[in-house]
Amino acid sequence: MKMTVIGCGYLGATHAACMAELGHEVLGMDLDIDKVHTLNSGKAPFFERDLDDLLAKHTASGRLRFTASYGEAAEFADLHFIGVGTPQQTGTGAYDLSYLFDAVTKLAPGLSRPAVVAVKSTVPVGTAPHVAELLHAHAPAGDLVEVAWNPEFLRESFAVEDTLRPDRLVLGFHIEHSWAERVLRQAFGKIIEAGTPTIVTDWATAELAKGAANSFLATKISFINAMAEVCEKSGANVAELADILGHDIRIGRRGMRPGLGFGGGCLPKDLRGFVTRADEIDAGEAVGILREADAVNTRRRDRVVTLAREALGPDLRGKRITVWGAAFKPETDDIRDSPALAVAQTLHDLGATITISDPQALDNARKLHPELDYAQDPIAAVKDADLLLHLTEWPHFSHIDPKRLATRTHSPKVIDARGTLNTDQWRDAGWITRTLGRV
Ligand code: NAD
């Protein structure tokens, strides 16, 4: 099948490459001309495992290409996926839907044949009717343009695997057994034939699916982090507590990692967007638990700052702190709402000199925080530091020999905010260690 993917960031570029891998002819479209050039050269403009290989394979095979032209996209196919960003609005918890409405408004004038527009971007419930209205008003094909909702559940760092072999497929339509449903069933044919649970539902349920899933995941992380607060006060060990809880199959251990909490371009803004929308539709009382999940998450960042001041004294002016980690989680270069960078920024504002090391995210971090210092080599980064903070749990960091590292600093103190360093080894090597959630 021929199809386009409008908006080629983490979601869209991956979706486009994976649709080509499934045998389709795909045109990716993005307004960012530099991104289009990079993608056309067979490379991802960001770090995502396996994606470069797929892009190289299918830009070479001729099944995949990218453009910055809406006219070309509208002409190319009659199925258009939309994956533009829906970030948090500045100053409120609401989603900024301007990119989505812009994309739809610019695509519509080129739609002179019947077409299906399938939105993958995460949105507040109630957005689909507005998208349909815009398309019907601006497309020459009018209401022969059908809107489908196809929320995306991929995890960055597993994006290719999750797109090719998703754990479920959700398709939302306004009308049962529509043409749009037939088109999407054909587009996802190989995935459906592989036995992927496929839930066909209405627009509202499909819109809610993604926000509700992320709200649940965020709450699970914040639950164990709330337990970490209790553990710190009571002398208990939150890692062992998580293991004990996780053996209950109704609870499960996956995703329940105590530590510095969640960040990134999805969980924090989806949680806030979900709460804000619930307030708007008079369901605010139902989501009190999500407000608390957000507050627990923010407290984790504050707690690391408090521990740093306990380790170095309240006045951080003139202190040198090394931060391991800039990405919001390992195996990505995505720094959106990164807990590590939030902590680094606060400590910098309190007067400390911060040096950050990260295997993949330094270029992005440097652009956003030019006021901080950077060092690619995590060992060199520790030179002359008064304190080391382990804030993103790249496996790379856990493999560094603490003995060798101790020779680089006059003050071997480490705060492990992710609980993945081997405390015994570090203590044996002469480090004073503190792990978040443990006494
Ligand atoms: P992103 O910022 O990486 O990518 C968005 C892309 O859209 C950018 O390349 C931007 O240039 C492009 N864009 C913006 N406005 C445009 C327009 N009018 N026309 C064409 N292109 C335009 O964002 P992302 O992480 O890929 O997220 C996209 C959407 O997918 C969001 O709604 C997000 O919540 C959702 N989502 C993301 C993930 C993830 O892991 N990143 C997972 C599931 C869902």
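This is a predicted model: local features need pLDDT of at least 70, side-chain atom pairs count only at pLDDT 80 or more; totals for chains, interfaces and linings use all residues.

Visitor: Where does Val382 lie, and which residues is Val382 in contact with?

Guide: Val382 is in the loop between strand E11 (373-374) and strand E12 (387-390). Helices (H or I, at least four residues) and strands (E, at least two) are DSSP runs, numbered from the N terminus. Contact means heavy atoms within 4.5 Å. Leaving aside neighbours within four places in sequence, the contacts of Val382 are Thr322, Trp324, Leu388, Leu405, Arg408, Thr409 and Trp431.

Visitor: What about Arg301: buried or exposed?

Guide: Arg301 has 14% relative accessibility, so this residue counts as buried. Arg301 sits in helix H13. Not counting residues up to four places away in sequence, Arg301 touches Leu260, Phe262, Gly263, Asp337, Pro339, Ala342 and Val343.

Visitor: Why are helices H12 and H13 given the label they have for their relative direction?

Guide: The axes of H12 (residues 267-280) and H13 (residues 288-312) come within 10 Å and cross at roughly 150°. Axes here are lines fitted to C-alpha atoms, for helices over the stretch in contact, and angles run from 0 to 180 degrees between N-to-C directions. Angles under 35 degrees count as roughly parallel, over 145 as roughly antiparallel, 65 to 115 as roughly perpendicular and the rest as oblique. H12 and H13 are therefore roughly antiparallel to each other.

Visitor: Which residues make the contact between H12 and H13?

Guide: H12 brings Leu271, Arg272, Phe274, Val275 and Asp279, while H13 brings Leu290, Arg291, Ala293 and Asp294. By class these are 5 nonpolar, no polar and 4 charged. For the classes, Ala, Val, Leu, Ile, Met, Phe, Trp, Tyr, Cys and Pro count as nonpolar, Asp, Glu, Lys and Arg as charged, and the others, Gly among them, as polar.

Visitor: What makes H10 and H11 oblique?

Guide: H10 (residues 203-234) and H11 (residues 238-246) pack at an angle of about 135°, with their axes 9 Å apart. That angle makes H10 oblique to H11. In their contact, Phe223, Ile224, Met227, Ala228 and Cys231 of H10 meet Val238, Leu241, Ala242 and Leu245 of H11. This contact has 9 nonpolar, no polar and no charged residues.

Visitor: How do you know that Glu75 and Arg113 form a salt bridge?

Guide: A salt bridge is a side-chain nitrogen of Lys or Arg within 4 Å of a carboxyl oxygen of Asp or Glu. The distance for Glu75 and Arg113 is 3.5 Å, N to O, so the pair qualifies. The two residues are 38 residues apart, with Glu75 in helix H4 (residues 70-76) and Arg113 in the loop between helix H5 (98-107) and strand E5 (115-119). At 52% relative accessibility Glu75 counts as exposed, and at 31% Arg113 counts as partly exposed.

Visitor: How many salt bridges does a search of the whole structure find?

Guide: The search finds 30. Among them, Arg155 and Asp162 meet at 2.8 Å, N to O. Arg155 counts as partly exposed at 35% relative accessibility, and Asp162 counts as buried at 11%. Lys269 pairs with Asp270, their closest N and O atoms being 3.2 Å apart, and both of these residues are buried. Glu232, Arg303, Glu310 and Arg434 are linked in a network of salt bridges.

Notes: Residues are numbered from 1 along each chain as its sequence is written. Side-chain values use heavy atoms; hydrogens and water are left out. Buried means under 20% relative accessible area, exposed over 50%, partly exposed in between (1.4 Å probe, protein chains only).
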